Amino acid sequence: HTIAITQSMSWGELTLWNAQDAYCDGIVRGYKGGLLFERDYENLTQAPNLEDVRIHLSGTDYGTFLQAEGMLAPSIIRDRAIDTMVKEFNYLRGNAGQTLDAFLDYIQHGYMIDNVILILTGTIHDRRLEELLTKCHPLGLFESLGAASLAQSPEELYHTVLIDTPVGKYFSKKCFEFASLAESNLEVIRQQLYKHYLEDFFDFCMDIGGTTAEVMRKILEFEADRRSINITLNASQTELQKDDRQELYPTIGLLYRSA
């Protein structure tokens with residue numbers, strides 16, 4: 001995919017390619033080369049137990065990422081795979097230039113939103129904070145995340161948790177209208193945050209232009225359409241009014257005008 005994108009670049013983009021992004025491009029090509037092939041998945045489906053899964057993965061670029069584990073469970077394999085992904089993500093970010101670094105920030109924003117809602121939902125159901133933090137995605141962790149469990153209203157959530165985070169700017173006036181952080185309100189707040197996040201990410205990519213705009217337009221419009229469909233289906237089972245629902249739809253995507 002990286003090769004195809006490079007070939008579709010304009011001469012203007014290629015002029016500064018080596019100076020700005022060649023090393024990170026090489027890193028991504030290496031990551032892509034380490035993905036499992038179809039034959040690997042076929043072998044995994046035929047493995048009679050998780051120990052055979054470990055043995056097969058040790059012969060791929062995943063290497064010995066499960067070597068330190070004793071008795072395996074699906075959750076352990078998932079967690080170690082996520083750890084590997086996060087390590088690779090952070091290495092790429094550590095070598096990124098200014099624009100790519102900002103792009104990777106945007107990728108993390110979605111995980112931050114989900115983590116905040118997870119903490120709040122878990123708190124409503126009397127789950128321990130330590131347990132909830134272990135369930136948060138590593139790419140969405142930030143220093144004040146744990147304080148979300150103390151928030152009693154949207155206003156407290158904003159001023160004690162989100163105001164100093166990158167996702168604070170997605171907290172709209174509509175979110176402040178809720179008197180409490182009840183579970184039904186949290187889902188609306190999540191959709192509000194995602195709406196503004198996707199629109200902001202879209203504008204960022206369009207400002208970059210070129211191949212980034214071309215590729216990311218399709219990805220972000222697909223995600224916006226997917227969320228619009230989910231909002232419509234879920235709203236039919238709630239008391240959410242049509243006008244309120246309209247405010248949750250992202251203003252991008254193929255379904256935007258018909259949503």
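First, a word you'll need: a residue is buried if its relative accessible area is under 20%, exposed if over 50%, and partly exposed in between, using a 1.4 Å probe and protein chains only. You're looking at a predicted model, where local features need pLDDT of at least 70, side-chain atom pairs count only at pLDDT 80 or more, and totals for chains, interfaces and linings use all residues. Residues are numbered from 1 along each chain as its sequence is written, and side-chain values use heavy atoms, with hydrogens and water left out.

**Stop 1: Ser 228.** Select Ser 228 in helix 11; helices here are DSSP runs (H or I, at least four residues), numbered from the N terminus, while strands are E runs of at least two. Is Ser 228 buried or exposed? Ser 228 has a relative accessible area of 4%, so it's buried. Skipping residues up to four places away in sequence, Ser 228 touches Tyr 249 and Pro 250, where contact means heavy atoms within 4.5 Å.

**Stop 2: a pocket.** Now select Ser 184, Glu 187, Val 188, Thr 238 and Leu 240, the residues nearest the centre of the second largest pocket. On a 1 Å grid over the protein atoms alone, a pocket is an open set of points with protein on both sides within 12 Å along at least five of seven lines, whereas in a cavity a 1.4 Å probe fits but cannot get out; lining residues have an atom within 4 Å of a point. This pocket has a volume of about 330 Å³, which is the space filled by probe spheres set on the points, with grid points joined across faces, edges and corners. Which helix gives the largest share of the lining? That's helix 10, with six residues.

**Stop 3: two helices.** Colour helix 7 (residues 98-124) and helix 10 (residues 183-208), which pack at about 180° with axes 10 Å apart. Axes are lines fitted to C-alpha atoms, for helices over the stretch in contact, and angles run from 0 to 180 degrees between N-to-C directions. Helix 7 and helix 10 are therefore roughly antiparallel (over 145 degrees; under 35 is roughly parallel, 65 to 115 roughly perpendicular, the rest oblique).

**Stop 4: Arg 54.** Jump to Arg 54 in helix 5 (residues 50-57). At 14% relative accessible area, Arg 54 is buried. Beyond its neighbours within four places in sequence, Arg 54's contacts include Leu 66 and Glu 69.

**Stop 5: Pro 138.** Finish in the loop between helix 8 (129-135) and helix 9 (154-162), where Pro 138 lies. Pro 138 is partly exposed, at 31% relative accessibility.
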